[in-house]
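Have the structure open while you read.

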Amino acid sequence: MRKPGYELHPVIEISGCDDAVIVGYEKMVETIRETKHRIVVCDVYPGVDTKQVVHALSALHPVVVVDTSDLLKPLPILETQFSRNITDDRVFGFMSHHVIESCFDEAKLNSARELVASTDSAVVLIVGVGASLVSCSGLLLYFDLTRWEIQKRYAQDLPNWLADNPKADALEKFKRGYFLEWRIADRHKISLFDSVAWFIDTHENDHPKMIAGDVLRDAIAAVATRPFRMEPYFNPGVWGGQWMKQHFGLPNEAPNYAWCFDGIVEENCINLEFGGEIIKIPANNVVFSKPHELLGEKVHGRYGLEFPIRFDLLDTMGGGNLSLQVHPLTEYIQQEFGMHYTQDESYYILDAGDDSVVYLGVKNDCDKETMLADLDAAEHAGASFPVQAYVNAFPVQKHDHILIPAGTIHCSGKDTMVLEISATPYIFTFKLWDWGRLGLDGQPRPVHLAHGKRNIQWDRDTDWVKAQLLEQAHTVSSTPDYEIEQTGLHIREPIITFRYTVRTACPVIMDDSVQVLNLVEGERALITSPSNAFAPFEVHYAQTFIIPASVREYCIIAPDDDPVILICAQIR
């Protein structure tokens with residue numbers, strides 16, 4: 001067992017701004033009052049407690065308060081308008097391309113605008129999602145929140161922004177956020193980002209933190225020029241294990257930890273430290289604000305304002321098998337869900353037990369119709385699916401890299417610690433069989449056999465998998481100081497991965513692509529700049545970190561006596 005060195009709350013120090021953060025509503029009100037603005041516009045991300053904002057800012061003594069939730073179209077009309085995006089599926093919707101204006105009643109919005117414009121020499125307070133639609137001439141504040149925090153609030157009966165569903169299933173709430181509400185809110189936030197006067201971190205409801213827009217934008221610009229980590233979060237699962245508890249020093253309050261989300265830019269936060277005060281911002285804000293610097297030209301040109309690489313950890317050590325699953329083909333995810341690209345992925349084996357296996361591809365001469373009939377019986381009749389009769393089970397050991405292009409049936413077996421390297425559409429898992437178990441909530445986990453059987457590639461059999469997806473690593477460069485291997489991914493996948501084994505130091509020239517890395521062997525490593533463009537960055541075992549494309553070149557240093565190994569992913 002390793003000494004825990006995994007940082008659960010990494011911070012990025014921003015120098016020269018020691019008094020930049022204003023803490024608490026009382027001081028916020030004082031600061032706002034000093035600006036002498038007559039109109040105060042408080043635009044918010046869905047999930048922010050707007051009632052608390054209105055209550056706290058009532059100290060400004062506004063004569064008019066406009067709550068944008070009163071300006072929305074009636075919920076039944078919104079439900080009909082967005083039915084294509086919401087669908088009646090528990091998990092999957094269709095990606096929305098709507099803009100925020102489409103959510104509001106035009107007559108109500110115009111009336112609110114006229115009311116604000118006609119109110120002279122007194123404070124007007126506009127609060128809610130889309131507040132800036134009412135007036136763009138006042139002091140603009142933006143109250144922000146990460147998607148992970150929103151999901152935690154969902155569990156505490158927070159309804160979706162465009163629904164009255166406080167007691168709805170967590171998967172349904174997430175679906176509405178992922179496919180509809182967050183897409184609309186992100187487009188709106190992007191349009192405002194450069195004009196916001198003050199950003200407010202609302203992760204602690206009763207302890208907000210406000211920072212000037214220019215200061216935060218400068219800080220984000222600095223982040224996009226150096227290596228950084230996001231704050232990870234952990235979730236238990238029905239198949240979860242004990243490895244992360246032991247290696248990361250996690251609390252024992254959860255029965256297990258199945259997932260560590262340490263590299264999902266859409267959901268993780270970044271902790272920015274200004275003179276001892278920490279501001280949490282959605283990591284996506286770096287993509288929105290500095291896409292060229294973060295992503296690189298070729299990646300930005302291909303993916304726009306999307307971060308295309310995801311790292312997470314899957315822990316089944318002392319747990320159970322993942323669900324047997326398949327991810328959609330590119331044409332399928334485009335046609336059925338409105339996504340631009342699909343969920344190609346791979347498993348890098350961080351640790352393994354004596355009997356660890358990965359299920360991958362169908363067996364040679366597998367009978368398609370018989371297998372589908374058995375899967376159908378398992379889903380609808382409660383039968384046990386004879387997985388060993390149809391699906392390959394390949395033994396795996398530490399540092400194996402298993403490639404999984406979309407369309408390949410797969411899952412990790414028990415007693416395996418997986419670093420999952422994936423494209424970003426991360427919810428598109430079609431479960432084919434879940435080993436006859438219930439979720440932690442006591443309910444059956446969703447199985448999507450109808451989707452899955454339309455995506456299984458039956459020619460990916462034993463021989464094909466051995467030739468295409470297993471043991472693909474080959475040496476690119478080798479010196480006494482380091483070895484570089486290309487470990488994947490498959491030609492169908494847009495991500496390419498390299499393994500750096502560093503004995504002393506290894507220079508890296510980046511290829512105009514953001515890189516995501518993880519230290520898969522060794523207590524710690526240093527990332528340094530040949531030109532001293534950034535301070536040495538220390539990373540510990542199993543930590544994921546990001547190197548923006550603007551860095552262009554760096555050096556991996558093994559600071560202790562033993563070699564270190566890092567896996568690096570970038571866009572091909």
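## Helices that cross

In this predicted model, helix α1 (residues 25-35) and helix α2 have axes that come within 10 Å and cross at roughly 60 degrees. That angle makes α1 oblique to α2. The crossing of α1 past α2 is right-handed.

Which residues make the contact? On the α1 side they are Tyr25, Val29 and Ile32, and on the α2 side Gln52, Val53, Ala56 and Leu57. Sorted by class, the contact of α1 with α2 has six nonpolar residues, one polar and no charged.

From α6, the contact takes in Arg147, Ile150, Gln151 and Tyr154, while α7 brings Lys173, Phe174, Gly177, Glu181, Trp182, Arg183 and Asp186. Split by class, the contact of α6 with α7 comes to four nonpolar, two polar and five charged residues.

Why give both an angle and a distance? Because two packed helices are described by the angle between their axes and the distance between the axes.

Here are the two pairs in one place:

| Helix pair | Axes come within | Crossing angle |
|---|---|---|
| α1 and α2 | 10 Å | roughly 60 degrees |

## A histidine in α2

Back to α2, which spans residues 50-57 and holds His55. Is His55 buried or exposed? His55 is exposed, since its relative accessible area is 62%, and exposed means over 50%. Gln81 is 26 residues from His55 along the chain, and the C-alpha atoms of the two are separated by 32 Å.

## Two cysteines without a bond

How many disulfides are there? The count is zero. To count as a disulfide, two cysteine sulfur atoms have to be within 2.5 Å. The cysteine sulfur closest to that of Cys260 belongs to Cys269 and is 13 Å away, so the two are too far apart for a bond. Cys269 is likewise in no disulfide, with the sulfur of Cys260 as its nearest cysteine sulfur.

And are these cysteines buried or exposed? Cys260 is buried, at a relative accessible area of 0%. Cys269 counts as buried too, with 6% relative accessibility, because the cut-off for buried is under 20%.

Technical notes
Residues numbered from 1 in each chain as written. Predicted model: local features only at pLDDT ≥ 70, side-chain atom pairs only at ≥ 80, totals over all residues. Heavy atoms only, no water. Buried < 20%, exposed > 50% of the residue type's maximum accessible area, 1.4 Å probe, protein only. Contact = heavy atoms within 4.5 Å. Helix = DSSP H or I, 4+ residues; strand = E, 2+ residues; numbered from the N terminus. Nonpolar A, V, L, I, M, F, W, Y, C, P; charged D, E, K, R; others polar. Axes fitted to C-alpha atoms, helices over the stretch in contact; angles between N-to-C directions. Parallel < 35°, antiparallel > 145°, perpendicular 65-115°, else oblique. Left-handed = near helix turned anticlockwise from the far one by under 90°.
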